[in-house]
Amino acid sequence: MSTQSRDGLTGTQVMVNRGGPESETGTLLAIRNDVVVLRPRKGPNIYYNLEHVKSVTRLKKAAQSSAGNGNFPPWLTFRQVLAAFTNRYVQINRGGPEKVDGTITMVTPYTVTLIRGKEIIRLPIHHIRTVNALGANSNNGKSSQNQNGSQSRNGSQSRNNSQQRSSSQRKESG
């Protein structure tokens, strides 16, 4: 995309890609180097790897928003966006078989390491189409499940451990 077309679309209502799981409509916040930032009508901002953006279509009769460039520095890259999400719970890719959510633990020049339950997942950055933040350990309202399909008890286990520690501390002081 040329700089001229970038400046003309920023702050407008657009559709990124024209179909499929990565397609989304919202306000275009910024296009920087190899990253497109979109604020969808619902949910958190979506960061697109520009390598995977097939089209950006300005929607008819859509008023220009004052959202503009936001706080996105001109040198921002997709890898820097991924690095900024380190230790945060994210969704990588919007749909299809490559959609995955988890906590980003490490970003190297070529890969992202993601923890999902007991799984450690390494993804090549050039295969990541989008990333967006999710709530802390949110599974979009679904309970987390292990590979056998049984519900995880991590939350109750950590509460039990803290209760046991409190109990033993009271015994020592009493």
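Which residues do ring pairs link into a cluster? Ring pairs join Tyr47, Phe72 and Phe85 into a cluster, in a predicted model where local features need pLDDT of at least 70, side-chain atom pairs count only at pLDDT 80 or more, and totals for chains, interfaces and linings use all residues. Residues are numbered from 1 along each chain as its sequence is written, and side-chain values use heavy atoms, with hydrogens and water left out.

**Aromatic pairs**
- The structure holds 2 aromatic pairs, a pair being rings of Phe, Tyr or Trp (its six-membered ring) with centres within 6.5 Å, called stacked when the planes are under 30 degrees apart, edge-to-face when over 60, and tilted for the rest.
- The ring centres of Tyr47 and Phe72 lie 6.5 Å apart with the planes at 70°, so this pair is edge-to-face.
- Because Tyr47 lies in strand 4 (residues 46-49) and Phe72 in the loop between strand 5 (56-58) and helix 2 (78-84), the pair ties together parts that are 25 residues apart in sequence.
- Tyr47 and Phe85 also form an edge-to-face pair, at 5.7 Å centre to centre and with 75° between the planes.
- This pair links distant parts of the chain, with Tyr47 in strand 4 and Phe85 in the loop between helix 2 and strand 6 (89-92), 38 residues apart.

**Burial**
- Tyr47 counts as buried at 13% relative accessibility, where buried means under 20% relative accessible area, exposed over 50%, and partly exposed in between (1.4 Å probe, protein chains only).
- Phe72 is buried as well, at 15%, and Phe85 is likewise buried.

**Gln13**
- Gln13 is found in strand 1 (residues 13-16), with helices (H or I, at least four residues) and strands (E, at least two) taken as DSSP runs numbered from the N terminus.
- With a relative accessibility of 16%, Gln13 counts as buried.
- The Gln13 side chain makes a polar contact with the side chain of Thr27 at 2.5 Å, a polar contact being a pair of N or O atoms within 3.5 Å, of which, within protein, one must be able to donate a hydrogen and the other to accept it, while residues adjacent in sequence count only if both atoms are side-chain atoms.
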